[in-house]
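I hope they are handy while you have the structure open.

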Amino acid sequence: MIQKYFSLLFALLTSSFVLAQNPHSNENTFQVKERYNWLTVGLEVAHFADLPKGLIGNDRDPLDLAFSFSHEKSRFDIGTGVYVEAQLSPIIGVQGSFHLGSSSGVNDRAYYESSIKRYHAGAVFSFTNMTTKKADPYVNIFATAGIGIISYDAQQFFFSGAKNMARKAVASQIDLGVGARYHFSEKIRIEFSSTYNVVWDNGFDGDKFNYADGQDQYLKTALGIAYTLGSSKYLSLHKTPVLSRKYITLDNDKLKNELQDYVDEKVKKLEDDIDGLHNKTDALADRMDNLEDQFNKFVEKFENGQVKYFRNVFFAFDKYYITRLYQKNVFEVSQILKKNPKYHIDITGVTDVYGPESYNTKLRVKRAQAVKELLVNKFGIHENRITLNTQKEKVQGKPYQHLNRRSSMLVYLPKK
């Protein structure tokens, strides 16, 4: 896509250079009429929001959503950033930026906090400037695509406040975004943008520390103000339509029509390529949203934590009977407890959002008690090593309520 655009840009610049050699000809005159300011500096305030992952259910335990934005531990994190943008033409520019901020989130086990440094370089595509007319005040719609490096320092905490895990790393990322700019003048503008980012590291959000593979995603939403450098005598290239008469002068109607057809064709192909890129991005997001998490790797790399193992037992709607499939999960936990006499287990019963709370309260207890009875009566685990808990639903949204019909078994080493 970028290659095709640069072909168009090269054709325009070449025509400008060749035809401008004969400015007095009435047949073939094509020349740049104005000088333009092209360098802009900007300041931003930005919010970094960790994006939840989707779920897949098969013979392995499905997992709940990565984060809940409504939890009391969730925060609305604000960061700051600066950028420099060079406008190569009315349609395309290049931008380099630096952001400093933080991110946080919550899952059903713990919450995390992370400090972020983001270094970024990319291209800016101005859709509004693919026109022939200019209006003031000028609103510009644009898209961005780029790559970058993100440095983060993530720390996870249990809900008690005790530290669990820490991750400090540098990872690469790619991103796509859209935004709008409102130009008060040739010099000053404000803008709003939203960027979808994929980080090639699976510890960025502090939730799962499986560094071998996987990615994390976050959304950067920013509000900024920018100032275009240069002489006040000149127009700004970033708010000039590519085919306006303020940008080019065409004295030959035939050449103008041929150039207009050529540009229309290239613009159409460019728009098709952008649509295809968005479709591929949506497909990539859907694929990542539907990857099954390998949760056992979550507990394999603890540095200071006391949690040793975690498994779920899922129930049918309004039931607390443990099927043979999930009896195997209970059996696995019992073998770990037998091999490690100092380990204890915490069993938490959970229900979905349906039905009265008075009924669900009893059902949660029955689901936790069913796992305990299986461990004690069938697998020989002493009840003094077992504690029971209950909680209301954690996973939000009707499509995911089956994930709340469960008992969670957390094996841990008590603190001395």
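This is a predicted model: local features need pLDDT of at least 70, side-chain atom pairs count only at pLDDT 80 or more; totals for chains, interfaces and linings use all residues.

1. A residue is called buried here when its relative accessible area is under 20%, exposed when that area is over 50%, and partly exposed in between, using a 1.4 Å probe and protein chains only.

2. Residues are numbered from 1 along each chain as its sequence is written, and side-chain values use heavy atoms, leaving out hydrogens and water.

3. Now the overall picture. The protein chain has four helices and 16 strands; these are DSSP runs numbered from the N terminus, with helices being H or I of at least four residues and strands E of at least two. With contact meaning heavy atoms within 4.5 Å, residues 24 or more positions apart account for 72% of the chain's contacts with a separation of 6 or more. The chain exposes about 21,200 Å², and carbon and sulfur atoms supply 57% of that (Shrake-Rupley method, 1.4 Å probe; for residues, only the protein chains shown count as cover).

4. Do have a look at the barrel. Eight strands close it in the order β3-β4-β5-β6-β7-β8-β9-β10, with antiparallel pairing; two strands pair if DSSP finds at least two bridges between them. From one strand to the next the twist averages 25 degrees, based on axes fitted as lines to C-alpha atoms (for helices, over the stretch in contact) and angles from 0 to 180 degrees between N-to-C directions.

5. β6 then pairs with β7 (residues 138-158) in the antiparallel sense over 17 bridges, and here V124 stands opposite T144. Between β7 and β8 (residues 163-183), also antiparallel, there are 20 bridges, and S151 faces V170 in β8. β7 and β8 form a hairpin with four residues between them, and G161 in that turn has a positive phi of about 105 degrees.

6. Setting aside residues up to four places away in sequence, K220 touches E44, A46, H47, F48, H99, R118, S193, S194, T195 and N197. Its C-alpha atom is 9.0 Å from that of D50, 170 residues away along the chain.

7. Which residues touch the most other members of the largest nonpolar core? Among its 24 residues they are V313, I322, V330, I345, V371 and L375; such a core joins buried Ala, Val, Leu, Ile, Met, Phe, Trp, Tyr and Cys residues through side-chain atoms within 4.5 Å. Two or more residues each come from β13 (307-314), α3 (324-339), β14 (344-350), α4 (357-378) and β16 (406-412), and α4 gives the most, with five. Apart from this core lies another, of nine residues, including I91, V263, L270 and I274.

8. Finally, strand β13 also holds N312, which counts as buried because its relative accessibility is 4%. Its side chain makes a 2.8 Å polar contact with that of S408 (N or O atoms within 3.5 Å; within protein, one must be able to donate a hydrogen and the other to accept it, and residues adjacent in sequence count only if both atoms are side-chain atoms).
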